[in-house]
Amino acid sequence: MKIQESAENYLETILMLGHTKPHVRSIDIANELDFSKPSVSVAMKNLRQNGYIQVDGNGYITLTDAGRKIAETMYERHTMLSSWLVYLGVDQKTAVEDACRMEHVLSADSFEAIKRHITSCQELSPDMYVAQ
C-alpha cells in the first residue's frame, strides 16, 4: 500500500526518536519536525486509524509492524542516499535535504539498483560508503 510522503516522514521520525528516547510522544515529534502540536495530533490520529502506530494511555507512540516496515525502509533509503551524496562531494546539509526528498520518490527497483551499485563499489573501495 502506498502512503503519503508526510506519513512516511512521521513514521521515520518516530523510528529515529525511538533510537534516542525511551518513549516517543506527539510533542517530541512536533519539536523534531518543527510542526504545530495540533498538526501532529491530526497526523497521529490518521496513522493510528490506518494501523501504522499505537498510542497508549500515557500518550506514548509505538510503531506497529506495518508502520515499522515503512519507517525502516525510509530510514535505510535516507541514510544510504545521504551518505552516498556526501561521498560524491555534496555538502552534508544539502545531501541530507536531497536524500529526504529522494527517498520518497524512488521506486523500489531503482533504490535496489542504487543499493547494489553502492555495495559493489564498497567491495572495491571500503571507504566509499560510511553510514551517517
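Buried means under 20% relative accessible area, exposed means over 50%, and partly exposed is in between (1.4 Å probe, protein chains only). In helix 2, the residues Ser26, Asp28, Ile29 and Ala30 are buried. Let's start from there and work outwards.

A word on the model before going on. This is a predicted model, where local features need pLDDT of at least 70 and side-chain atom pairs count only at pLDDT 80 or more, while totals for chains, interfaces and linings use all residues. Residues are numbered from 1 along each chain as its sequence is written, and side-chain values use heavy atoms, with hydrogens and water left out.

## The whole chain

The protein chain has 6 helices and 2 strands. Helices (H or I, at least four residues) and strands (E, at least two) are DSSP runs, numbered from the N terminus.

How far does the C-alpha trace of the protein chain span along its principal axes? About 50 × 30 × 25 Å. Of the 132 residues in the protein chain, 36% are buried. The accessible surface comes to about 8,000 Å², and carbon and sulfur atoms hold 52% of that; such areas come from the Shrake-Rupley method with a 1.4 Å probe, and for residues only the protein chains shown count as cover.

Contacts tell you about the fold too. Contact means heavy atoms within 4.5 Å. Among contacts in the protein chain with a separation of 6 or more, 55% are between residues 24 or more positions apart.

## Helix 2 and its surroundings

Back to helix 2. What do the buried residues of helix 2 pack against? They pack against helix 1, helix 3 and strand 2 (61-63).

Take the helix 3 side. The axes of helix 2 (residues 26-33) and helix 3 (residues 37-49) come within 9 Å and cross at roughly 120°. That makes helix 2 oblique to helix 3. Axes here are lines fitted to C-alpha atoms, for helices over the stretch in contact, and angles run from 0 to 180 degrees between N-to-C directions. Angles under 35 degrees count as roughly parallel, over 145 as roughly antiparallel, 65 to 115 as roughly perpendicular, and the rest as oblique.

The crossing of helix 2 and helix 3 is right-handed. A crossing is right-handed if the near helix is turned clockwise from the far one by less than a right angle, and left-handed if anticlockwise. Ser26, Ile27, Ile29 and Ala30 in helix 2 meet Lys37, Val40 and Met44 in helix 3. By class, this contact has 5 nonpolar, 1 polar and 1 charged residues. Ala, Val, Leu, Ile, Met, Phe, Trp, Tyr, Cys and Pro count as nonpolar, Asp, Glu, Lys and Arg as charged, and the others, Gly among them, as polar.

Just after helix 2 comes aspartate 34, with a positive phi of about 60°. Most residues other than glycine have a negative phi. Aspartate 34 sits in the loop between helix 2 and helix 3.

## Helix 1 meets helix 5

Helix 1 has a crossing of its own. The axes of helix 1 and helix 5 (residues 92-105) come within 10 Å and cross at roughly 120°, so helix 1 is oblique to helix 5. This crossing is right-handed. Glu5, Glu8, Asn9 and Glu12 of helix 1 make the contact with Cys100, Glu103 and His104 of helix 5. The residues of this contact divide into 1 nonpolar, 2 polar and 4 charged.

| Residue | Relative accessibility | Class |
|---|---|---|
| Threonine 13 | 4% | buried |
| Aspartate 28 | 8% | buried |
| Tyrosine 75 | 27% | partly exposed |
| Aspartate 34 | 70% | exposed |

Threonine 13 lies in helix 1 (residues 5-20). Not counting residues up to four places away in sequence, threonine 13 touches Ile29, Glu32 and Leu33. Aspartate 28 belongs to helix 2, and, leaving aside its neighbours within four places in sequence, aspartate 28 is in contact with Leu17, Lys21 and His23.

Tyrosine 75 lies in helix 4 (residues 65-87). Which residues does tyrosine 75 touch, not counting residues up to four places away in sequence? They are Glu12, Leu15, Met16 and His19. Tyrosine 75 and methionine 16 are 59 residues apart in sequence, yet 8.1 Å apart in space, C-alpha to C-alpha.
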